[in-house]
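User: Could you help me read a protein model? I would like to go through its contacts step by step.

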Amino acid sequence: MKKILVLLICLIMIIPVSGCRQKMTEIDSLVIGFTPKTDTGEIQEFSRELQNIIREQIYDLGFNIGNVEIVFTTSNKDLIDQIENGSIDLGLVSPIGYLDNKESHVKPLAATLTLDNILESTDLSYVNDHGKEIQADRAPGYYSFIYVNIASQNGRDLYDKAISDSMKWDDVKDLKWCVGSPASLDTYMYPSLWLNSKFGKGFGNSRRTVRELNNVESHLGYFEMMRRLINQECDVMCRYADMRKEIRFDEVIFSRYGSQYDDMYDLIKVIGVTPLIYNDIVVFNNKNISAPYQKALLMVLQAIGEPDDSILRRINIYGFQEISEKDLKDAQDMLNLFDK
């Protein structure tokens, strides 16, 4: 009996010690790819620092990486292709670039966080009545708003119908819309997804997008669109949320309306909110990167992006949020809308 007790005591003493030992997984190299959209000059400037941080932090999670390399590709497609063939392990691409070029072994891992406005609700009354109270926070993406000027009769009518949820396709199709280029997510493509979802006509010949509107002024810049909306030279415009926070437009309002309207929120109202437009996403080859390794990489990226003085602030990244394929459904629907 004594011998058994002594053996048990020894085991109890040994277990905590061995439990502290972490099995180390040896990784020859980790290759991270960036697309030309990313400021390569900025990244090259602190790439050595970033490489060291990644190696140090993932070591504490049980992975010893011999070398961390940062490379730059010529396009989203090139980056996806290199991830697919295994020469790059993970990379930062646009969601559309990923969906346009995705292959069986390439998977989304995380979305970058930027400092943006978080909507606690997409209800129109909330967006219009409490828009100024929304605080800047770290967001995985942004919304686009459909704006009107309630000083105009068309704008007032649309706003009233939007609030009462009685707006129809016939109410919008002949009005003058000010939008950006057809390649713009927030001023053309996602507003098209909103139109199609709102007026529910599907795809193909029955779809409802910016293309099907009868009076569209496109390829307009941000400032020009807002100037035209304030001056009632267009009835509807599309832009990221919430562009009404731009104080500089208050001067334009005062010169046009005097003291009749206090600010942008008093004059410019929202009649629609698009689905979330994701920021750039981290994608990886799930044949090269095992589930534990993937989890560790995500933890490291999140840890690096968290501090207020993170080196990633230099390229406007405020962190990473884990995502999966299903989070990109709206983006895929938007692409399908224009493919059909």
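Predicted model: local features only at pLDDT ≥ 70, side-chain atom pairs only at ≥ 80, totals over all residues.

User: How many salt bridges does a search of the whole structure find?

Analyst: The search gives 17 salt bridges. One of them joins E49 and R314, with the closest N and O atoms 3.6 Å apart. This pair links distant parts of the chain, 265 residues apart. E49 is in helix α2, residues 40-59, while R314 is in the loop between α12 (291-305) and β14 (319-322).

User: Which residue does R138 meet in a salt bridge?

Analyst: The side chain of R138 meets that of D308, at 2.7 Å from N to O. R138 is in strand β5, residues 136-139, and D308 is in the loop between α12 and β14. The two are 170 residues apart, and the pair links distant parts of the chain.

User: Next one: what is R227 bridged to?

Analyst: R227 forms a salt bridge with E233, and their closest N and O atoms are 3.3 Å apart. R227 has 26% relative accessibility and counts as partly exposed. E233, at 35%, is partly exposed as well.

User: Which residues are in one network with R227 and E233?

Analyst: The network also includes E217, E224 and R228.

User: Changing topic. Where does V282 lie?

Analyst: V282 lies in strand β13, which covers residues 281-285. V282 counts as buried, because its relative accessibility of 4% is under 20%.

User: Which residues does V282 touch?

Analyst: Leaving aside residues up to four places away in sequence, V282 touches L90, G91, L92, K107, P108, L109, A110, L301 and F320.

User: And how far apart are V282 and L175?

Analyst: From C-alpha to C-alpha, V282 and L175 are 40 Å apart in space. In sequence, 107 residues separate V282 from L175.

User: Now the rings. How many aromatic pairs are there?

Analyst: The count comes to eight aromatic pairs. F63 and Y293 form a stacked pair, 5.2 Å centre to centre, with 25 degrees between the planes. F63 lies in strand β2 (residues 63-72) and Y293 in helix α12, so this pair ties together parts that are 230 residues apart in sequence.

User: Why does F63 count as buried?

Analyst: F63 is buried because its relative accessible area is 8%, and buried means under 20%. Y293 is buried too, with a relative accessible area of 4%.

User: What kind of aromatic pair do Y257 and Y261 form?

Analyst: Y257 and Y261 form an edge-to-face pair, with 85 degrees between the planes and 5.4 Å from centre to centre. Both residues, Y257 and Y261, are buried.

User: Last one: which residues do ring pairs link into a cluster?

Analyst: Ring pairs link W169, W194 and F199 into a cluster.

How values were computed:
Residues numbered from 1 in each chain as written. Heavy atoms only, no water. Salt bridge = Lys/Arg side-chain N within 4 Å of Asp/Glu carboxyl O. Helix = DSSP H or I, 4+ residues; strand = E, 2+ residues; numbered from the N terminus. Buried < 20%, exposed > 50% of the residue type's maximum accessible area, 1.4 Å probe, protein only. Contact = heavy atoms within 4.5 Å. Phe/Tyr/Trp six-rings, centres within 6.5 Å; stacked < 30°, edge-to-face > 60°.
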